[in-house]
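Please open the model in your viewer and keep the selection panel at hand.

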There are 2 protein chains.
Amino acid sequence: MLLRNHFLSIDPYRRWRLNDAKSYAKPQDVGAVMGGGAVAEVVESRHPRFKVGEFVVGPGGWQHYAVTDGAAFRVIDTTAIPPQAYLGVVGMPGVTAWYGLNKIIAPKPDETVLVSAASGAVGGVVGQLAKQAGARAVGIAGGAEKCAYVRDELGFDVCVDHKSPRFADELAAALPNGWDGLFENVGGEPFLNSLRHANDFARAAICGLIASYERAPTPLPDMRLVLVRRMKIEGFIVSDHLSNWRDALRELAGHVVAGRLRYRETVRQGLQSAPQALVDLLRGGNFGKMLVKLV
Amino acid sequence: MLLRNHFLSIDPYRRWRLNDAKSYAKPQDVGAVMGGGAVAEVVESRHPRFKVGEFVVGPGGWQHYAVTDGAAFRVIDTTAIPPQAYLGVVGMPGVTAWYGLNKIIAPKPDETVLVSAASGAVGGVVGQLAKQAGARAVGIAGGAEKCAYVRDELGFDVCVDHKSPRFADELAAALPNGWDGLFENVGGEPFLNSLRHANDFARAAICGLIASYERAPTPLPDMRLVLVRRMKIEGFIVSDHLSNWRDALRELAGHVVAGRLRYRETVRQGLQSAPQALVDLLRGGNFGKMLVKLV
């Protein structure tokens, strides 16, 4: 089938694929179309499962049109949910949030869940799901505007600005009872600071390390902490857990349709804006899900 | 009741209790009897559950006699198992091995489990249980004699000497397919070396950090590893999991009586030998479970 891409998904993990290093996925080939998720319209089809005019989500790549046998694409229902949400809250970032929160952190009522990149496509969902589970949600975001959004629109209990010169004190004040779950997308100094507030039996879901993709690696300070706190630190990649996607997406879609799950998008216009959109995303220049609109 | 201690248990965790620092248990009080597990004989009893002449295990402390209300003591059956084994293979160290292996590592057949301090009271049990689960067991121990014992008597597939100048190469050779589970009791350089051989979805059970109790802390090198390998690192303390003790002890006792679980003891004589026994234990001067015999 021939697809016309409408929206490209700009995700932090793409930066890692640009490294020529062994990782969980093969690096981006030089000279090939840049990979990435997209929402597309079926323009021509010889595939029995896909009909012309339908919208699909899948690995469409950074291009206007894609020819594909349909593998890893699925039809999306855009009657109640806008198509580009399938690249965010009801897509890979949403399932990432769902998996890390429910399968690794598994918050109990009245526990505290700390979320880095809390205004982002993943972090925003983590905090809202944590609140629905009866937990206290504490966000970390960059700048006063993002923090206000995390608190006032997404409903986190409090949000701490990692750009503040008093970040360490403000984080301590936001965590009077420490944290039981940490959803980590960033790494770097704020992460090391966060570890100081781990409670006994704390669970840290390591989802991304944006701060270390281009800059210094993030070491753990001392294994003693892991032992004293009987802490669990677990890295995960959502594509390892495909068996959970159907349930997660159904639940997330239900929340979106019912207005229980809010999200925000930064939309750049035109294919030529994609490289800078990725650069800006890695520097926190987005507000919610970063997208490139092609149509 | 009045107890007469027969054997004192000398365990690495006691060293940590000597630090005046916040940890999972309160520090040893200065001037008080040094705490620790013991096997004792009931000499006098006004307690309905304990009869004169019975053997018990519990927190007897470093002393010849103890007066207790019986809390945290239990009667042991010494008909088929020698009393001091209740301080080792069918005691706290055995349950520690059982919990970390079964509840954190959960090895599948043909996976590889790497065990530090493999000739010790805990490590020796870990490797033997891993073999029973169908996994490959690789030990790390200090010196050729301990390594030979781990391999030839305990039945590990291979054991690597961390005192060898070629340790890093020998460890790599012992792990041609990496490791899926790591039972870590030591920390320090060998641990950092071990991390390099983690497979995808590896589980590291952090049980102790003998190398860091007096010397430099053991940092994790880079959080990237946790993410790339989708690795789980989990610290645990066996006393948090009392609900598992009964099942674990029954299973371990069955293995010992049937001759499927082997162990070794270093027995020092007399109460005055206890402090040096702890010092020697922390330097690897034991061979298997370190005990002090009083009677």
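The tour begins with the two chains together and then turns to pairs within a single chain. Please bear in mind throughout that this is a predicted model.

**Stop 1: the two chains together**

Colour chain A and chain B separately and look at where they touch. On chain A, 33 residues are in contact with 33 residues of chain B. The area buried between the two chains is about 2900 Å², and carbon and sulfur atoms give 65% of this area. Now select Met223(A), Arg224(A) and Leu227(A): these residues supply 25% of the area that chain A buries against chain B, more than any other three residues.

**Stop 2: charged and polar links across the interface**

How many salt bridges are counted between chain A and chain B? The count is two. Select Arg230(B) and Asp240(A) to see their side chains meet in a salt bridge, with a distance of 2.7 Å from N to O. Between chain A and chain B there are also five residue pairs in polar contact, with both residues at pLDDT 80 or more.

**Stop 3: the elements of chain A that face chain B**

Select β10 (198-206), α8 (223-228) and β11 (232-235) of chain A; each supplies at least two residues of the side that touches chain B. The element that gives the most to this side is α8(A), with five residues. By class, the side of chain A that touches chain B has 19 nonpolar, five polar and nine charged residues.

**Stop 4: a pair of strands across the chains**

Which residue of β11(B) is the bridge partner of Lys232(A)? That partner is Glu234(B).

**Stop 5: a salt bridge within chain A**

Over all chains, the structure holds 31 salt bridges. For one within chain A, select Glu153(A) and Arg264(A), whose side chains meet at 3.6 Å, N to O. This pair links distant parts of the chain, 111 residues apart: Glu153(A) lies in helix α4 (residues 144-153), and Arg264(A) in the loop between α9 (245-257) and β12 (265-269).

**Stop 6: an aromatic pair within chain B**

Six aromatic pairs are counted over all chains. Select Tyr149(B) and Phe287(B), which form an edge-to-face pair, 5.1 Å centre to centre with 85° between the planes. Tyr149(B) is in helix α4 (residues 144-153) of chain B and Phe287(B) in the loop between α10 (274-282) and β13 (289-293), so the pair ties together parts that are 138 residues apart in sequence.

Notes
Residues numbered from 1 in each chain as written. Chains lettered and ligands numbered in written order. Predicted model: local features only at pLDDT ≥ 70, side-chain atom pairs only at ≥ 80, totals over all residues. Heavy atoms only, no water. Contact = heavy atoms within 4.5 Å. Buried area = accessible area lost by both parts, 1.4 Å probe. Salt bridge = Lys/Arg side-chain N within 4 Å of Asp/Glu carboxyl O. Polar contact = N/O pair within 3.5 Å; in protein donor to acceptor, adjacent residues only side chain to side chain. Helix = DSSP H or I, 4+ residues; strand = E, 2+ residues; numbered from the N terminus. Nonpolar A, V, L, I, M, F, W, Y, C, P; charged D, E, K, R; others polar. Pairing = 2+ DSSP bridges. Phe/Tyr/Trp six-rings, centres within 6.5 Å; stacked < 30°, edge-to-face > 60°.
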